[in-house]
Amino acid sequence: MKDIVIIHENDEWLVPLREEFRQRGVTAIEWFLDNGSVPFSERPADAVYYNRMSASSHTRGHRFAPELTKAVLTWLESYECTVVNPRQVLALEVCKLSQYAALQRAGLQVPKTHAVVGKDAIVAAAEAFDHWPLIVKPNRGGKGLGVQRFNTVSELAEYLRRPDLEEPLDGTWLLQEYIQPREPFITRAEFVGRRFVYTVQVNTEDGFELCPADNCSIEDQFCPTDQQSHKFTLTQRFDEHPILSLLENFLHDNGIDVAGIEFIENADGELFVYDVNTNTNYNQAAEQRANQPNGETGMGALANYLIGLAQS
């Protein structure tokens, strides 16, 4: 069996995965990427490498972790190593606009979105945006930093004058239509090995604009790793819905092995996909309430998948 190497920058997110490996008698190697070097001319170890790098790494003081990970993945892939969520997946993780383009190519509907570079250009772009209310969010932000809803241009202009305003890491703002949810929740579909595992509904009654994984995480109210929260509920409502096959095709087309994909249903029953999380987390409390068998939990399925690759 080959070694399993987990590339990451957040130790907390690995705790439940370590436990799943322990139950299976496996110990994975953890490669914390914050700074360091890449021995590009040397052959890497023949192992299964799982890329779990996050777009929000800079919020934990790891500003260049994604850039270092890109170099590492380039090195690994040049020697044809087995990489779960390879380099092109990291590119999607750190660029929401690229996610929307890929989702549309797969036949999925995304919210109407405009991209703006430069704070001074946002008001003029908003005045020309004909879908109100709107959301302003960073193209590369993470954890919901800077995600706000505005009803008028004047509200937006006042917000932009704030002295503590943080600009997006890549300088790109997204103006996006606000989707009024049919019911106060969003849905997140989990995939491992490009196969559907389950969907979870996230209650948004305590505060929700468009992107719960972003907006709510500002206060950590909807973080999947919060095992005390009852906002997460596994649901079978979409198990036979055609959106799942479209999402699986999207994963295949873009080489994404592991992801949590979030969508929202409007009053007319239309589904809008708005976020792809390639470093997805799972809410174990929700899984326990649904009596999910061990191998059918998110981390259980992930551990089984990685072990299967290492044994092949």
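Rings of Phe, Tyr and Trp (its six-membered ring) count as a pair here if their centres lie within 6.5 Å. With that rule in hand, here are the close-ups, all taken from a predicted model.

**View 1. Aromatic pairs, starting with F150 and Y159.** By the rule above, the count comes to three aromatic pairs. One of them brings together F150 and Y159, whose ring centres sit 5.1 Å apart with 50 degrees between the planes, a tilted arrangement. Both of these residues, F150 and Y159, are buried.

**View 2. F238 meets F263 edge-to-face.** Here's another aromatic pair: F238 and F263, at 5.1 Å centre to centre and 85 degrees between the planes, which makes the pair edge-to-face. F238 comes from the loop between β11 (232-235) and α8 (243-254), while F263 belongs to strand β12 (residues 258-265), so the pair ties together parts that are 25 residues apart in sequence. How buried are the two? F238 has a relative accessible area of 3%, so it counts as buried. F263 is buried too, with a relative accessible area of 0%.

**View 3. The open four-stranded sheet.** Follow the strands across and you get the order β2-β1-β3-β4, with parallel pairing in an open sheet. β2 (29-32) and β4 (82-84) are the edge strands, each with a single partner, so one side of each has no neighbour in the sheet. On average, neighbouring strands are turned by 25 degrees against each other, ignoring direction.

View 4. Strand β1 (residues 4-8) runs parallel to β2, and four bridges join them. Which residue of β2 stands opposite I7? That would be W31. Helix α10 (residues 298-311) packs on this sheet and touches β1, β3 (48-51) and β4. The direction of α10 makes about 150 degrees with that of β3.

View 5. N277 is part of strand β13, which covers residues 271-277. Is N277 buried or exposed? The cut-off for buried is under 20% relative accessible area, and N277 comes in at 13%, so it counts as buried. The side chain of N277 makes a polar contact of 3.3 Å with the side chain of E262. Leaving out residues up to four places away in sequence, N277 touches E93, R188, V258, A259, G260 and E262.

Note on methods. Residues are numbered from 1 along each chain as its sequence is written. This is a predicted model: local features need pLDDT of at least 70, side-chain atom pairs count only at pLDDT 80 or more; totals for chains, interfaces and linings use all residues. Side-chain values use heavy atoms; hydrogens and water are left out. Helices (H or I, at least four residues) and strands (E, at least two) are DSSP runs, numbered from the N terminus. Buried means under 20% relative accessible area, exposed over 50%, partly exposed in between (1.4 Å probe, protein chains only). A polar contact is a pair of N or O atoms within 3.5 Å; within protein, one must be able to donate a hydrogen and the other to accept it, and residues adjacent in sequence count only if both atoms are side-chain atoms. Contact means heavy atoms within 4.5 Å. Two strands pair if DSSP finds at least two bridges between them. Axes are lines fitted to C-alpha atoms, for helices over the stretch in contact, and angles run from 0 to 180 degrees between N-to-C directions. Rings of Phe, Tyr and Trp (its six-membered ring) pair if their centres lie within 6.5 Å; planes under 30 degrees apart count as stacked, over 60 as edge-to-face and the rest as tilted.
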